Amino acid sequence: MESNIPNEELIPRKLVEAEHIIEEEDEEFHHLNNPADAIKPIIKKYLGTPNHAEQLGNKFYLTDGDAKVEVVVVTDEIIRIRVAPHGVFLEDFSYAVPKLEHNAAEFTLFEDELEFRIATKSINCHIRKKDFFISFSDQNSHVTSTDAVPMHWEENVKFGGYYVFCTKTCHPDESFFGLGDKPTEFNLRGKRLKNWNTDAYSFQWNQDPLYRSIPFYISVNEGIAHGIFFDNTFKAQFDFGGEDTTKTSFWADGGELQYYYIHGPHMMDVVKSYHILTGTHPMPPLWALGYHQCRWSYYPEAKVKKIARGFRENKIPCDGLYLDIDYMDGYRCFTWNRKYFPDPKKMISELAADGFKTVVIIDPGIRVDDNYAVFKEGKEKRYFCRRSDDYFMEGHVWPGRCQFPDFTNPEVRTWWGGLFDELVQMGVAGVWNDMNEPAVFGAGTFPDDVRHQYDGFRGSHRKAHNIYGMQMVRSTYEGLRSIMKNKRPFTITRAGYSGVQRYSSVWTGDNVASWEHLKLGNIQCQRLSVSGIPFCGTDIGGFSGEPDGELFTRWIQMGTFSPFMRAHSAGDTKEREPWSFGEPFTAINRKFIELRYKLMPYFYSTFWEHHRYGFPILRPIVMHEQDVKLNHFRQDEFTYGDKILVCPVMEPGQTSRNVYLPKGKWFNFWSHEIVEGGKEVTVDTPLETIPLFVKAGSVIPEYPVMQYVGEHEIEEVKQNIYYSDYEVNSFLFEDYGETFAYEQDIYLEKKFVVNGNSRQMTIHQSMEGLYTPRYEGYHLNIIGLPFKPGKILADGKVVSDFIINTDGTVEFKFSKNFKHIEILK
Ligand code: GLC
């Protein structure tokens with residue numbers, strides 16, 4: 001075997017300091033920067049030269065004589081790389097990727113003097129013989145990703161295993177996106193960021209890390225995108241040309257050096273493939289797309305009812321009402337404070353009769369109290385986490401002294417999931433999972449030595465920390481799902497790891513009532529969306545601090561276009577309901593929340609597009625036009641699905657602003673003015689509106705305004721059809737909205753094709769599926785016709801009773817099952 005320390009020219013300066021000395025095994029030292037005052041030698045080992053390659057099905061093994069590298073062809077676009085420093089791979093287990101699909105049709109191993117090459121239909125993985133550099137190229141031999149240093153590691157003397165490192169070339173024009181909830185600019189170029197789930201009350205711009213760990217990023221270089229998913233749950237870091245502008249590195253304090261290369265060429269392809277690995281969000285109950293009102297805390301019962309009445313009296317739609325920690329008896333999970341809530345079942349059913357769904361909070365900290373059934377049972381069954389010397393892990397959270405279930409143990413998850421039975425019988429419709437980083441007062445989180453069962457693949461808290469919260473909400477979701485049978489549960493979580501979207505929605509945590517946080521929230525939601533977490537939202541209004549009416553209203557406007565829409569505030573702030581600020585704010589808040597309910601079928605269809613096909617819900621501008629470099633830095637405007645472009649107003653007193661529209665024709669949502677895209681336009685932004693644009697050719701379905709989902713039967717669906725002189729497809733998804741019947745294919749997918757010219761406009765509808773909506777017909781609203789219609793033919797029949805409005809829109813009613821409509825001059 002050749003030396004495994006490669007040619008020094010190839011290694012960045014700081015990595016060459018391989019033989020450094022450290023005082024103790026503090027993992028913070030093991031990164032690219034090594035302390036000068038170190039005393040103990042730690043050797044970084046690098047892959048040597050690969051001497052031969054072996055194939056076992058879709059897996060390829062290469063070795064330098066000691067270390068082994070596994071290359072797995074997952075799909076035509078996804079290849080996984082793993083390194084075993086002494087040739088022995090860890091057992092293949094991942095919470096993020098429950099099942100590794102192997103569906104690449106063809107793959108072949110080639111070898112020549114310089115390299116081994118594994119080729120799929122779409123990509124090549126090259127392993128260079130000289131130095132074990134791994135690179136990827138597309139079918140046009142365009143190299144998208146290449147090692148700058150061979151993969152390397154350091155032994156971890158204290159805990160066992162290795163600190164693992166991968167360094168790739170960073171190109172001058174390369175941009176980076178993803179990584180979940182990082183509160184910083186959308187483009188991550190030049191930044192170094194850490195994954196370690198952290199309770200970050202009133203976090204600041206650039207604060208890192210926050211609540212979630214999503215080790216997945218997307219690179220765009222020379223107009224071509226690829227993704228890297230570093231599936232490693234340990235504390236991990238990413239450096240996107242920050243320390244050395246020519247290098248992108250990622251490394252972790254343990255676990256395997258294991259990553260997936262995910263080919264584009266479009267960002268959308270990368271995100272969709274990432275969802276093939278980690279799954280998508282299940283369809284939420286339709287009501288969860290409505291408006292949610294939360295506060296720390298609404299109590300006692302009379303207060304909760306007053307808030308509920310406030311919505312109905314003010315005629316502001318609302319579906320979700322939240323009970324924060326004060327509903328519990330001494331913050332003991334699964335108990336009720338009977339002084340505040342003497343008969344919760346009755347209260348919840350009264351709220352439900354008025355359309356409100358009650359969501360309750362649950363924390364992982366279980367009060368140490370032998371008179372408390374949950375603690376007693378958990379203790380008897382040994383369900384709580386323990387330290388390395390077998391003492392219980394104890395820490396203080398809301399209830400005082402607590403112990404914490406080990407959610408990485410499947411038996412504990414089943415137990416915890418079952419604890420929701422009583423709450424569900426009482427009528428609780430959703431569960432809010434909080435403090436699950438896990439957060440501990442004072443200490444921050446658990447000590448490193450806490451042990452976890454990890455579904456049989458045991459490990460310390462170093463390995464389990466980042467997935468603790470995800471396993472908590474998984475247990476909640478699975479429990480609810482089995483108790484609620486065919487009804488869709490609603491869950492929300494603060495902490496998470498890649499794959500958490502299979503179990504829950506998320507909110508961005510304890511933000512602040514400031515204009516800066518409104519901007520941050522906008523970026524964070526877009527980022528979460530491209531990082532595989534579609535169902536996300538911010539605490540509207542800001543959790544801590546006091547918004548004024550203007551800020552709150554601007555936040556409601558942005559929140560209308562957040563996949564998850566919830567106002568929340570800390571207990572020491574003033575009342576924060578949509579009517580709390582008086583007029584004109586109440587009326588504008590109502591108008592936007594009503595808009596949310598009108599657009600619900602569009603939002604729901606976009607959710608389906610995510611669930612079924614892996615599209616993100618919010619799409620940043622770069623996702624529409626990744627080949628335009630300037631777009632890599634746009635972070636204000638985004639589209640919801642691909643038809644509605646939104647640009648929140650995020651400055652006080654702003655009366656107009658510039659908005660970039662991707663190429664194509666767009667309709668101003670409010671005025672119906674047609675605007676040519678591919679440029680910035682100036683848009684008026686009085687408090688009553690935000691810039692909203694609809695893509696020409698779109699069919700945007702609309703429900704009548706209701707005070708809550710299902711308030712009354714829908715008799716007809718309005719279809720807003722925007723003229724286009726080129727062909728545009730839209731679609732509508734319909735189903736029961738609350739059951740899992742869609743898993744048995746009981747749903748309807750409708751496709752619309754719109755096209756037109758100066759003399760006619762055509763609309764085709766086709767549908768597939770087994771569901772029959774109850775409403776009878778469509779109310780068609782044609783917007784932007786360039787001619788005055790003389791005749792309308794629907795499925796060959798003449799429509800005689802159409803109306804031409806003064807603004808030029810044309811309205812008529814027709815069967816929901818139409819196939820073809822022609823509007824003629
Ligand atoms: C945490 C949550 C916050 C909640 C509070 C009390 O700070 O992030 O949303 O209201 O705890 O439960």
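In this predicted model, the domain assignment divides out domain 1, covering residues 8-278, and domain 2, covering residues 713-824. The C-alpha centres of domain 1 and domain 2 are 48 Å apart.

The ligand has a shell made up of Trp296, Asp324, Ile325, Ile361, Trp398, Trp432, Asp434, Arg494, Trp507, Asp510, Phe543 and His568. Sorted by class, this shell holds seven nonpolar residues, four charged residues and one polar residue. Several of the charged side chains come within polar contact range of the ligand. In Asp324, an N or O atom of the side chain is 2.5 Å from a ligand oxygen. Asp510 also places a polar side-chain atom 2.5 Å from an oxygen atom of the ligand, and for Arg494 the corresponding distance is 2.8 Å. On its own the ligand has 310 Å² of accessible area, and the protein covers 98% of that.

Aromatic rings are the next topic. The model contains 68 aromatic pairs. One of them joins Phe176 and Tyr217 in an edge-to-face arrangement, with 5.8 Å between the centres and 70 degrees between the planes. Phe176 belongs to strand E14 (residues 175-178) and Tyr217 to strand E17 (residues 216-221), so the pair links parts of the chain that are distant, 41 residues apart. Phe176 counts as buried because its relative accessibility is 1%, under the 20% cut-off. Tyr217 has a relative accessible area of 2%, so Tyr217 is buried as well.

Elsewhere, a single aromatic cluster is formed by Phe334, Phe375, Tyr383, Phe384, Phe404, Phe407, Trp415, Trp416, Phe420, Phe446 and Tyr468.

How values were computed: Residues numbered from 1 in each chain as written. Predicted model: local features only at pLDDT ≥ 70, side-chain atom pairs only at ≥ 80, totals over all residues. Heavy atoms only, no water. Near = heavy atom within 4 Å. Polar contact = N/O pair within 3.5 Å; in protein donor to acceptor, adjacent residues only side chain to side chain. Areas by Shrake-Rupley, 256 points an atom, 1.4 Å probe, with all protein chains shown as cover. Nonpolar A, V, L, I, M, F, W, Y, C, P; charged D, E, K, R; others polar. Domains from an automatic or database assignment. Phe/Tyr/Trp six-rings, centres within 6.5 Å; stacked < 30°, edge-to-face > 60°. Helix = DSSP H or I, 4+ residues; strand = E, 2+ residues; numbered from the N terminus. Buried < 20%, exposed > 50% of the residue type's maximum accessible area, 1.4 Å probe, protein only.
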